[in-house]
Every structure is written in C-alpha cells, then in structure tokens.
Amino acid sequence: MSGQVQTLTSASGLLSLLDEEERELQYYGLTQLEAVADVFWTEISDSITKIEVLYEDESFEHRKLAGLVASKIYFHLGEFDDALNFALGAGDLFRLEDTSAYVQTVVNHAIDKYIELKSDEAEVDGRLEAVVERMVERCFEAKDYAQVVGLSIEARRLDILERALASGDTKSLLAYVQRDCIDLIGSVKVQRQVQELVVKVLMQLEEPDYEAICAGLSKLSSAETTAGILRHLAEGDEAKVLSAYQIAFDLNASASQEFTKAVAAALEPREDGMAEGGGAALGRIRAILGGGETLRLHLEFLFRNNRTDMRILNHTCKLLDSRHSLAHSAVSLANAFMHAGTTVDSFLRDNLEWLSRASNWSKFTATAALGVIHRGHVRHGFRLLQPYLPEGASVSPYSEGGALFALGLIHASHGTDRVVAYLRDALVQFAGAAGEVVQHGACLGLGAAALGAGGADVAQALLGVLYADSAVAGEAAALGLGLALMGSNDARALDEMLAYARETEHEKIIRALAVGVGLVAFGRKQDADALVARLLQADDALLRLGAVHALAMAYCGTGDNGAIRRLLHLAVSDVKDDVRRAAVAGLGFVMLRSPEHVPRMVELLSQSFNPHVRAGAALALGIACAGSGAAAAVAILEPLARDAVDFVVEAAVIALAFVLIQQNDAYDPKVADVRKRFAALIDAKHGEGVTKFGAAVAQGIIDAGGRNVTIALASADGQLDMAACAGMLLFTQFWYWFPLAHFLALAFKPTALIAVTRDLRLPSLDAVCVARRSLFAYPAALEPPTAAAPAKIATAVLSTTARARRGAKKGEDAMD
C-alpha cells in the first residue's frame, strides 16, 4: 500500500469513485482514501460532503468506513469535535490500540469530552462511553492503575475507582489518592464521595491504617467514628496507644477547631459512671486534641532556644521616630514578630519611655503585640493581660481594645468556652459609640479564638455589632464574622453580609465584608463559583475585591487553572488598582502547593507599568514561596526592592523576608545582603516612611519567633492550615489597617523535631542528620559599634610664627 501511495500524485481519481452508483466501487474508493488520508487530506477535504453523505446513508453497508475517513479529514483540519463525532460513528474501525497521532488525539479529546459531560451531569452518548470504557480496560490490562485512578476521579466514576484500588497495590494507590488527588477535586460533593470511598477501602484492609483513616474522617467531619477509633486504640497495647497519640497530634495540626472539639467531647467519660479501659490514655488524647500539649511543647522550645538579636531591634527603635504613629507601629510589629511565641516581653519593659509615646491606635497595636509574643500561653492568658483588660487598671480604651485582641491571639484556634464567652460578653458590655474601640478589639479577638468554630451565638453577637453601623467596630465585626464562619460557606450568613455591604455607606465596613466573604468561602472550590459570579457583576469595586478574596480562598492550594485564569484576567483588566493588586496576590494562595511555578507566572507582572500590580506580584511570590529560599523568587524580588515607588519596595522587602525566613548565609549568601538592605532602608536619612515601615516589619519576620519559626500555610503532610491561611490573608490587609498585621503570627510554625514518650514527656534522644551543621546555624549577631581611638592631629603652625622662628634662628647663627 505504501508503494501505491508513493506513486499517487492526486486523490481526484479515488474521489470520483464516490460518485459511482455501484456500492462496491464506493467501498473501494473509501478504502483507498482511508489509506492516503494523511497525505492528501487537503484535497480530500474539498469533497468531504460526499463522504458525509455516504456516512448518513443508513442503507450503505460500509458507512462506518465513511465515518472513519471523515474523522481523519476533520482531525487534520483541526476540528476535533467533528473528528470525535465521526470516529464514534466508525465503531470498531476506530482502533484504540493504534499509536498514531490521530488516534491519540481523538482519544484524548474523547476523554476530555466525557469528563466535561460527567462534571456537568449531562447525558453522555453511549458510543462515547463505550470508547472510554474500552480505554479503561486497556489501562487495566496494562496495569496502569494510576491513570485509571485519575480518569475515574475526574469522570466521577467511583465504580471504576473502587475497582482500580482493589486491583493494584491498594495501600500505595490509597496513599496516592489521599496525597495527590483528593484536594485537587473541584467539586466538594465529589470530593466527599471519593473520601468516603477511600475510608471504606482503608477500613477493609487486613491491617487498617488508622492514621490515614482518621485523616479522611476529619475531612468528612465524622467526629463520632474518629472518637471510636481513638477509644479502641487507647484500650490496646502500648503500640496502639502511641498510635492514638500520634493521630491526635496530627488532627490537632490539620483538622478544624470545631472537629477536634467534637472528637474530644465524644471521648469524655461516660455519664453512667461505668469504668472504661484506657482512662489515662483517653485523658491525654483529649489534652492533645485540645491543643494544650502541642502549645506547651512549642512554648518550651521557643523560650529555651530564643536567639533574638536585641541589637537589631534596639537600633531600629533608635532610628525610627516613635513620635509618628507609622514608625511606632513598625517597631511594635517588629518586636511582636521577633518574639512571637517566646513569652519574652523584655523589650517593652526596657523601653517604657518609647512605649509611653504610643497614642490612640499605636497604643492599641502595641498592646495587641502581647498576644503575638505570648501566643499559645493559654493557661495564663488572662493573668498576663489583666493590667490592660477592661476590668484592670487601664484607663485607655485603646489599651483595653488591644488587650481583648491580644487575648484572642493567645487563644487563636484554641478558644475555650470561657474565652469565647468573655469576648462575646464584651461586645454587649461596650455597645455604643463610646466603646467602639474596645468592641473593635473584642471582635477581632473573638474571631481569632472561635476561628472556624463559631456557632450561631457568636455569629449573632458579631452581626449585632455590624448592624450598629459604626465604621470602627463594624469593620472588626465583619472580619470576626468571616473568621468565626471560615470554610462553612453559610448561605444565610453570606446573604446577610452582602446585603449589608450594599446598604452601608462606610467603605471600611464594605472592605472588611469583602475579606470576610472570602474567609467564609475558604476551601469550597466550585461551590463558591456562584458567589464569585455575583460579586464580579457588582459595580462597586469593593465587592469585586470580595470576588478576588473568595476566589483565592475557595481554591487555596488547588492550583486550579480556572481560578488562575480568572485572577489573571482581573489583574490586567479591572479598573480599580486595589482589585488588580489583590488578584495578583491571590495567585500566591492558589499556587501555594506549587511554588516552583509562581516565579515564571508573575515575572511579567512584576515588570508591569502599574505599581499596584508589581506590589501584588511581590506578595504572591512571598506567599507561595514562604520559607523556601527559592532563588528564582529572590531574583525577581531584589529589583522590586529597589523600585522607585515606596509601597512596591515595602511589599518586596516583606516578601523577601517571607522567602528567606529560616535561611542563613551558608544556605544562600544573598541572605546577608538582604539583611543589610533592610538596615539601609531604615537608616536612610531621606527615606520614605512606608519603605522604612516595610523594612522594620521585614526585620521582624525574617527573625520571627526568636529565629526558630518559619511560615507555613500547610501542615507537614500537605494539608492546608485554615488558621495559617486566614492569618496570611488578614496580614495582607495591613495595607489598610496596621493592627491586622498581627494575624501573621497564625502562620508561624516552629522548626523543631519534637518527640514525646508515652507520658507525653520529652525523651533524651540523639537525631542523625547528614546535612552540614552550618546549614542549621543561627545568623551571626549584629556586632556592636566599636569606638575608634582618636587619631593624633599635628599642631597647626601659623605662617607668622614660622617666620619669627626662622628670624630668631638666623639671629643666633649671626651671633655665633
């Protein structure tokens, strides 16, 4: 046949056979055309209607062959929908085992079409389903189970997924699904169905993996089943008890506060007083789930290993004029970040004169810094803040409001009933214009303490403050509401928030509601698309800003192409600079699990003529590449740190601190240069206040937690950390309101390897590490300035004195 193709110079003769009345001649012509279609497709395409007529003629015995020829021609024309349609009509003549570009392209298009139809819950052509089924069977024969798993999840064919999990290496496939697949499913409903199937298969194993099972149950919010497993393990041998402890630690690190509280409540002793096994172990498990044990271990580590360089902080404090609110807030934030979680507040005690210069909101920020410094110190939170709380000796509403905010930060994601009730009561106690500053702090603190676990009572209390229409208190109430209902996608709450955003005239409240709406949509993926569409249609730019935050939070960590496409479109097309900046920064949230792709994605945006887009690109790099030390990110941020626009420099230096946190000179020699850059910006005599603010905050971030914490928006096993994502989003709002920068502390994670015994005590152990010791060394402390000895200067001699001396010498010589 190949020889015949080589001798042919035109397909016109074969095409003329299609005009014959004899079926055999038509069949022969189609057979020859099918063989030469890849060579003469341009000529054949002019007569494609003749082939289609034969295909549509049901009396023609070889109509399938006509469909195959038409499919090949449309493939070469780039009309893949038509090519697929005719290939389906070709039936068995369309051979899946063929490895040609034509077959591979049409099959891939068929799978994409099938997935699209199944996702839209539309009716699927039986012929299309048959092709996909044949392809799946080929994968099973080749034992390519990973491809089957991916196809079955995207096509929502759980029957195929279950068969694949049972046919291959079940444990490795289950791990693959849990680690790399489930979080990328766009539909929350399908994600739940897949998770239920995974948990079901895990429980059917001869040796169930209880850690994986409980991780799945936490996503299903199945607290009772999880408690049953932990109770079963607590009543077993020592290995099972230790496994229960590890599961409890993992749940505390990755599950929501609402879920861990529900599991702990289900493990409470029985009311009938009957004895049950594992009583001591169950008590420890409840303590771990409550977060107390993890917080205790982290506090001990951060306090013991605090390496904060006080010379840096004191030098910055000396250079910045504390009489200005901007400079005072910068030092407060730098101090809070440097000592985050260490419980070391000596800087405040040693600089009482500096602290006394704080006024109004600077005083609020400085007091709230205590919540960052003592974060996790839940046992003594009230006692530490007693002098500043409303019942204490404080006479300033700014100190009282800051103390309530600090109380919430100390108990962030670990709010006890007492703390939540205290903060909720403060909203009622200080209602009215006179107490709006105190209410502001109480709303922020309540949102932090009840993060993701706010019930109806918390929501109603915050809505009550919101409806009072106070710009100061209403702003915090909107943010607190978003924190308390984070990830719930509560339709009623969203409707009330959006309705009020259209009613109020306070821009601060509308902007805060935009952020709150984004928090409520956290992790909801496609379920949030309707909300995003509503907000994008709004004429008010602040509501479109809410659409950006909803997109970033709903698809956080998914890398979803649709979300990225929409954010990029807003970044280059919206008429409001705030929306464009937030859209670019939102890319960092969506891509935080794929940080290696972010520098290439925002490189052109970092060179935009619009400074707001450049600032957003810097924040996107910082958010996605936090703690990675990524050289590609640093290469883009360094030129931005020398930008001509002050707020671009501010964003760039903060992003550099994000990326280079927990990095030293041995890991990247540029770290020393970046630190010098921060100091130079602060020391610049005629520098802009905004750049100095950014540099001071960056100094605090890069040395955060006594140089013992990093920034992580996901747990060690790759699960998104709700509190950390909320903290990072609220930190980016410092652009409008400096005190919100304190929320960054929620994203700090201690960099330590901590092990405990059965009694939850620290053991004496040695860890083997093959990396160089210098990679883990703390940065060198800032050298104190040395006083140079004054150089001896020669005595000045006047010209008249010199002439007199010369004259006297001549007189002596003459006498001699």
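Glu300 is partly exposed, having a relative accessible area of 25%. In this predicted model, the side chain of Glu300 meets that of Arg304 in a salt bridge, with 2.7 Å from N to O. Arg304 counts as exposed, at 58% relative accessibility. Both residues belong to helix H18, where Glu300 and Arg304 stand four residues apart, about one turn of the helix.

Helix H18, which covers residues 292-304, also contributes to a pocket: four residues of the lining of the second largest pocket come from this helix, the largest share.

## Other salt bridges

The structure holds 30 salt bridges in total. One of them joins Arg357 to Glu353, whose closest N and O atoms are 3.1 Å apart. Arg357 is partly exposed, with a relative accessible area of 41%, whereas Glu353 is exposed, at 55%.

A further salt bridge is formed by Arg614 and Asp643, with 3.0 Å between the closest N and O atoms. This pair links distant parts of the chain, 29 residues apart: Arg614 lies in helix H37 (residues 611-624), and Asp643 lies in the loop between helix H38 (631-640) and helix H39 (646-660). Arg614 and Asp643 are both buried. Salt bridges can also join several residues, and Glu129, Glu133, Arg157 and Asp159 are linked in a network of this kind.

## The second largest pocket

The second largest pocket contains about 1200 Å³ of space. Its lining is made up of 33 residues, and those nearest the centre are Phe301, Thr751, Ala752, Leu753 and Phe776.

By class, the lining of this pocket comprises 19 nonpolar, six polar and eight charged residues.

## Cavities

The model has two cavities of 30 Å³ or more. The largest cavity holds about 210 Å³ of space. Twenty residues line the largest cavity, and Arg581, Ala582, Leu619, Thr732 and Gln733 are the closest to its centre. Helix H33 (541-554), helix H35 (577-590) and H39 are the elements that give two or more residues to this lining. H35 gives the most, with six residues. The lining of the largest cavity divides into 13 nonpolar, four polar and three charged residues.

The second largest cavity has a volume of about 60 Å³. Its lining consists of Glu475, Leu479, Lys508, Arg511, Ala512, Val515, Gln733, Tyr736 and Leu740. With four residues, H31 gives the most. The lining of the second largest cavity has five nonpolar residues, one polar residue and three charged residues. Gln733 takes part in the lining of the second largest cavity, and Gln733 is also among the residues closest to the centre of the largest cavity.

## Residues with positive phi

Asn360 has a positive phi of about 50°, although Asn360 is not a glycine. Asn360 lies in the loop between helix H22 (352-356) and helix H23 (361-373). With a relative accessible area of 44%, Asn360 is partly exposed.

Leu760, likewise a residue other than glycine, has a positive phi near 60°. The position of Leu760 is in the loop between strand E2 (748-750) and helix H44 (799-815). Leu760 counts as buried, at 7% relative accessibility.

## Cysteines

How many disulfides does the structure hold? The count is zero. Cys181 is buried, with a relative accessible area of 10%.

A disulfide would need the two sulfur atoms to be within 2.5 Å. Cys625 is buried, with a relative accessible area of 1%.

Definitions and conventions. Residues numbered from 1 in each chain as written. Predicted model: local features only at pLDDT ≥ 70, side-chain atom pairs only at ≥ 80, totals over all residues. Heavy atoms only, no water. 1 Å grid on protein atoms, 1.4 Å probe; cavity = no way out; pocket = protein on both sides within 12 Å on 5 of 7 lines; lining within 4 Å. Points joined across faces, edges and corners; volume = space filled by probe spheres on them. Nonpolar A, V, L, I, M, F, W, Y, C, P; charged D, E, K, R; others polar. Salt bridge = Lys/Arg side-chain N within 4 Å of Asp/Glu carboxyl O. Buried < 20%, exposed > 50% of the residue type's maximum accessible area, 1.4 Å probe, protein only.
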